[in-house]
Every structure is written in structure tokens, then in C-alpha cells.
Amino acid sequence: MSALTSLPQWQTLKDLAEGVKSEHMRDWFVADPSRATQMQLEACGLFLDYSKNRVTQDVLSALFDLAKSCGVEKHRVAMFSGDIINDTEKRAVLHTALRNFSGSQVVVDGEDVMPEVQATLGKIKAFTESIHSGEHKGYTGKAIKHIVAIGIGGSFLGPKIMTEALLPCKSAAVDVHFVANVDGCHIHDVLSKRDHEDTLIVMSSKSFTTQETLQNTISAKEWFLSQGGTQEDIAKHFVAVSSNVKAATEFGIDESNIFPMWDWVGGRYSLWSAIGLPISLALGFENFKGLLEGAHDMDKHFCEAPLEENLPVILAMLGVWYRNFFDAQSHVMLPYYHYLRGLPAYVQQLDMESNGKEVTHDGSAVDYPTGPIIWGSEGTNGQHSFHQLIHQGSGVIPADFMLPLNVPNQNDTHHAMLASNCFGQTQALMQGKSFEDCYADLEGKGLDDAERKRLAAHKTMPGNKPSNTILFDSLTPRTLGALVAMYEHKVFVQGVIWDLNSFDQWGVELGKALGNQVLAGINGDAEKSSFDASTQDLIARFRAANAPK
Ligand code: F6P
């Protein structure tokens, strides 16, 4: 048995789970009218109602006991202090330093990093203002009107999804377009509509070794030159964001056009760094800064609030409860707000690339489930797609619903419908509809009793399906920053409970390496025998379909 499953707190939760599984949430709400208010919490502009969960006060206490026994508080201090907690890459984990407005130092390798963090923020601000004002011009003297942001993973998802979520805050000065996939269709779609004279390419890659981003940037450079630009003009139309300044300059990016980032910022935690440059360009620096300020609010809440009144800790421990004691395989994100439709994809990388692991810090195999599958999409669309399974499927799929109480250009009729669907779904998932009620509904339908019972069985909604509801007045940059940081810290806490290194991603390496070998095979530069029969056939079919005509 692992250290985790040997804990007495773990056994307590196992015992409590057996009891809870035979009870129904709808009975708890009837028995205790104060249940809802006891399981609600507000902080950093976010209101969380977690009362529609399969937890009693005893369960919550046991979950917080588990968090304490796993040392969540000690590990939290270690992260914020810059300890080397990413111990397979020997790195600190300090995305929190990027939004540290406390005035305190953050020391890495004996040096306070805040001056360079603030200098980079100043560079982002100045560059944004020079583009927006038209001071920074293209080589023919045109002001920059379009930004093409090239990156993938954490160098794409954060900038794209934050920009999309805050579209109502968009600057009129420029339009920002995103390219991630190495599928040539993506960059073709974007560049074919652009005028190279008023376009700026922002290439973002922490490592500066990612195949997709390098190739897309090469193609963008070829496009620029094919349109009439020269090598000397590149400096006015290409900037890069990377921790690998050497590679970026060797690639041909002027060093003055490189925005630095640091190895103590993980890719999926990097939107707060210069990776967020496209956000600043799209929304204006002050809105980008608002994101950072919101995240800082959440950092303070996470560090200061008791575990029992701590938004990230509550969400994390509820996730542990379902993952480890209800065998939940996934967790669904349901933003009832069109502009926030990308959030599931953002949290997908954040969570699954952090905790999609089965080895603990000391290299032992886990004997318990770890990171869940994260999925979801905007409400109400999901109700007409996958909610059937959430309501009547087998197993437990905990859900996070979220809704702004007000939206830009609000149509009250539409917004009331959106909210009623959001709240109606959480109520239906919680209370369900009993067989008896479905059977009664079928009276007088001309059915014999056997058919009536059969149909009632199909219509029965078990309920007892858990959900959290997160409300906020409106989605401002500050609120969004707090929301995203809340999920970052939720993932961190779960990584502590499961004793994982949430900050490396060795699992992506093999696919990349073999992909490069297959590329050699496709290009006819590798022995067929180096591939399995299936891959050989796939390569052969691709080569045949693309043989010179
Ligand atoms: O998916 C692996 C990964 O390294 C992510 O962690 C990262 O966000 C993405 O690829 C892009 O990496 P880079 O910013 O170094 O190009």
C-alpha cells in the first residue's frame, strides 16, 4: 500500500463513502434547510455553491483532514517560496511570481526575480502601446493592424482563450489571430487573408524547440518574403517569446524583439508571462494587468484562507472524493457563457498535463486513481449533446457549472433563459425523478401495467449527480484571472494529495520523438524495418497518396 492509502484519514473516507452511497442528496436538502448556505463560499469575486455534492459535514471534515495529513499547507509554502518542487526537472514553480503585486521578493537561486519580472511587464506594456499608437510601423510605413500569434499548448491556449473570454474588452487597434496546429490549413487560413505590410507575427515557444511552432514560423517568414518583404524587414514584423533566447536569435529574431520567460514557469502556467503578449495586444495592457491582479487576489486567498474556507482546496478535495471514492473517471466543465466556451480546453491542458501521471515523487507506482479526464463545452449547447449521459449514464461525472450574473449587451430575456437552464440542470442532476413519479405520470396513457413499468424505468432519472455552481457578477479581466488561478491551485492541491510532480510532462516526449522518426519515413529517409507493420502500412499509404503526380 502507498503512503496515501495507508493513512487513517484515507480509511475514514472509505468508510464514510460506503455510508454516503446509500443516501440521496435530495433527502439531505429536505432534512436540513440550511444545507445550501452551509456549503457556499465567496472570495475574489467568485461565489461557489458546493451544496449539490454528495458530501456531509463529516465527509468535508474528513477531506480537510486528509489535505492536512498530506501536507497541503507545507507544500503551498514550498511552491510560493521557490523551492525546487518540480524535482524531475530541478526547477522551482513560480508562475505566482508573475502576478506578485505584494512588493515582496521572490528568490530563485539566491536572486530576487521580481525586478526582471517587472521589467518584462514593462516591455510588454511599452510594446503594446507602440503597436496600438501606430508608433511601431511595418517596413512600408503602415501601422500594424493584425497580429498573428503562433504557438501551441500553453503557448496558445492561454492567450487564445483569455482573449476570447474577454472579447468585450477588445482593443479596436488590432485584430489578433491564432495559429497552433502544424496542419498547413491552419496557417494558410490565417495568412491568406492578411496583408504582410500591416501584420506582426508573435512567435511564442518557451523551449523554442516545438516542431509545430517552428514550422509555422518558418512558413510565416516564407510568406512574408514571398509578399515582397526582405530579410532586413523581418525585425519590424516578427517578435518572439521564449526562455531560449539563443535559439530565437539563431532563428533570426532580433534580440531586441525577444520577450524573455523563465524555466520556473511551466508552459501550461505561462499566460501570466510574456506568453500573454497577444492578450495585451488584443485587449490593451491594462486589461492584461487586470488578469494578473485577479490571479494575485486568488493567490492571497489560497495562501491565507483556512483550508475549510478555501476555494481551490474545496474544489480539489471534492475532486479527490469523486475520483478516489466514487471511481469518477472524468470531470466536466460547463461554462454557461458563450465567451468562456474555451475554458474546458484550457483546464484540460492545465489539469491533464499536470496530474495525468501514475508515478509518485519517489518513483513508485500509485495504487489509486489520479488525474481525471477533463472535458466540457459551453452551456446550453451541452444539454443538446452530452447531458443525456450525465443525467442517465452509468457512473458519476462531477460537473462545474459557471455563470456570469450579467453579460455585456445584455438581453434580459436571453440571459434569464441562460441562467434558468444552468440552475435547472444542477437541480435536475441533484434531485432526479424517481421511478414512482415516472410511473404515476404514465397513468391514463392506455398502457398495460408491464409496459407502464417498463417505460417508467426508462424515464427514471437517478439524480444524486454532483455539481458545483460558480457565479460572478460579470467576467472582468480581474474575475477571469481569479477563476483561472483558482483552477491552477485546485490542480496543485490534487497533485499534493496524489504525491505527483504536477509540473513536468515527460509523457509527451515519446510521441514527439517517434513523430520525427515517422517524418523521416514519410520523406523516404528511414528504413522501413524501424517501424512496426501497422506504421509501415500507414506510411506507405501516405507516400502513395502523395507520390509526385
Ligand atoms: O505539450 C508539451 C508542451 O511542452 C506543453 O507543456 C507546452 O505548453 C507546449 O508543449 C508548447 O511548448 P513550447 O512553449 O516550449 O513551444
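Here is a quick briefing on the overall build, surface and cysteines of this protein. The model is predicted, so to speak plainly: local features need pLDDT of at least 70, side-chain atom pairs count only at pLDDT 80 or more, and totals for chains, interfaces and linings use all residues. Numbering starts from 1 along each chain as its sequence is written, and side-chain values use heavy atoms, with hydrogens and water left out.

**Fold and dimensions**
- You're looking at 22 helices and 13 strands, taken as DSSP runs (H or I, at least four residues, for helices; E, at least two, for strands) numbered from the N terminus.
- The C-alpha trace spans about 80 × 60 × 55 Å along its principal axes.

**Burial and surface**
- Of the 549 residues, 52% are buried, meaning under 20% relative accessible area (1.4 Å probe, protein chains only).
- Carbon and sulfur atoms hold 52% of the accessible surface of about 23,500 Å², computed by the Shrake-Rupley method with a 1.4 Å probe.

**Cysteines**
- The disulfide count is 0, where a disulfide is a pair of cysteine sulfur atoms within 2.5 Å.
- For C70, the closest cysteine sulfur is in C303, 18 Å away, so that's too far for a bond.
- C70 is buried at 15% relative accessible area, and C438 is buried at 4%.

Definitions and conventions. Buried < 20%, exposed > 50% of the residue type's maximum accessible area, 1.4 Å probe, protein only.
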